[in-house]
Amino acid sequence: MSVAGLKKQFYKASQMVSEKVGGAEGTKLDEEFKDLEKKVDVTSKAVSEIISKTSEYLQPNPASRAKLSMLNTVSKIRGQVKSPGYPQAEGLLGESMVKFGRELGEDTNFGSALLDAGESMKRLAEVKDSLDIDVKQNFIDPLQGLCDKDLREIQHHLKKLEGRRLDYDYKKKRQGKIPDEELRQSLEKFHESKEVAETSMYNLLETDIEQVSQMSALVEAQLQYHRQAVQILEELSEKLRDRMSEASSRPRREYTPKPKPTYDFGESDQSNGGFYTPAAAAPPSRSSSVKSSEPAFNNRRISSRSYCESERERKRE
């Protein structure tokens with residue numbers, strides 16, 4: 001930076017400190033200029049916030065917005081022209097309905113209804129994608145261009161005007177110590193910057209019909225979306241009503257239980273892969289065993305007696 005540039009920076013800094021700390025008064029701008037500046041400031045804030053809120057309207061999920069922003073950044077880095085769109089909730093719901101409708105089958109009332117509703121939801125997602133594209137191209141992008149170009153240019157002119165005002169006020173307070181020619185040039189530059197800034201603000205506010213046109217484009221896109229959505233939902237509603245009517249007129253099928261299978265428990269040698277083991281005979285009762293043992297005991301007693309008699313006869317002989 002040249003010596004003259006350093007001197008100007010010093011003048012402006014000194015004047016700013018005098019006004020902020022010492023309470024010195026600077027050159028006042030006229031009320032018309034202040035009114036223009038105030039309206040432009042409100043316009044700038046409105047455009048920035050409306051762009052943000054419109055993105056939230058198109059995709060309420062902040063996680064999805066963050067993911068889309070990241071994907072768009074990656075797409076720009078890779079040089080991809082087409083960027084991915086928002087994941088529409090209607091599309092996710094439709095895919096889930098179609099999935100389970102196919103699993104249940106078209107031969108069931110619930111399965112066929114899920115298939116119809118799922119396809120309709122996927123169509124709604126496509127219509128919502130069209131809404132996103134229309135709103136972005138015809139509403140968000142023009143407002144973003146206004147913010148990036150016209151409003152930024154006005155802010156540049158206002159900043160330059162403020163710098164030249166500080167430079168002029170510093171030199172004006174030191175009139176006599178600073179050459180008159182330098183003071184005159186400083187005043188001319190101040191008026192020049194004021195005129196440029198005022199003209200740019202005036203042109204912006206006078207052409208605000210462009211913003212009205214962009215608002216109209218937003219409303220038309222919404223209207224088109226809702227018309228198509230109503231048509232899709234009416235068709236789905238009619239299909240579901242027809243299915244309910246058909247199901248109610250169809251005779252109800254009675255459930256007939258299947259006959260129970262019979263099993264033969266007589267031979268179980270093949271059951272559970274095991275072998276058949278005959279059941280052990282039940283032990284005889286005590287009374288029957290006692291009765292059955294009495295004849296045997298009597299026979300043994302008779303045999304003993306006969307043996308003794310035969311021995312005695314043998315000895316006598």
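The model is predicted: local features need pLDDT of at least 70, side-chain atom pairs count only at pLDDT 80 or more, and totals for chains, interfaces and linings use all residues. Residues are numbered from 1 along each chain as its sequence is written, and side-chain values use heavy atoms, with hydrogens and water left out. The protein chain has 8 helices and 0 strands. Helices (H or I, at least four residues) and strands (E, at least two) are DSSP runs, numbered from the N terminus.

**Overall fold**

- From the N terminus, the element order of the protein chain is α-α-α-α-α-α-α-α.
- The protein chain holds 317 residues, and 26% of them are buried. Buried means under 20% relative accessible area, exposed over 50%, and partly exposed in between (1.4 Å probe, protein chains only).
- Among contacts in the protein chain with a separation of 6 or more, 75% join residues 24 or more positions apart. Contact means heavy atoms within 4.5 Å.

**Helix 2 and helix 5**

- Helix 2 (residues 31-58) packs with helix 5 (residues 109-173) at an angle of about 150°, and their axes lie 10 Å apart. Axes are lines fitted to C-alpha atoms, for helices over the stretch in contact, and angles run from 0 to 180 degrees between N-to-C directions.
- Helix 2 and helix 5 are therefore roughly antiparallel. Angles under 35 degrees count as roughly parallel, over 145 as roughly antiparallel, 65 to 115 as roughly perpendicular and the rest as oblique.
- Helix 2 passes helix 5 in a left-handed crossing (the near helix is turned anticlockwise from the far one by less than a right angle; clockwise would be right-handed).
- The residues of this contact between helix 2 and helix 5 are 18 nonpolar, 5 polar and 3 charged. Ala, Val, Leu, Ile, Met, Phe, Trp, Tyr, Cys and Pro count as nonpolar, Asp, Glu, Lys and Arg as charged, and the others, Gly among them, as polar.

**Leu161**

- Leu161 sits in helix 5. Leu161 is buried, at 3% relative accessible area.
- Beyond its neighbours within four places in sequence, Leu161 contacts Leu29, Phe33, Phe190, Ser193 and Lys194.
- Leu161 and Lys189 are 28 residues apart in sequence, with a C-alpha to C-alpha distance of 8.6 Å.

**Gln88**

- Gln88 lies in the loop between helix 3 (62-78) and helix 4 (89-104). Gln88 is buried, at 5% relative accessible area.
- Leaving aside neighbours within four places in sequence, Gln88 contacts Ala125, Lys128, Asp129 and Asp132.
- The side chains of Gln88 and Asp132 make a polar contact (2.6 Å). A polar contact is a pair of N or O atoms within 3.5 Å; within protein, one must be able to donate a hydrogen and the other to accept it, and residues adjacent in sequence count only if both atoms are side-chain atoms.
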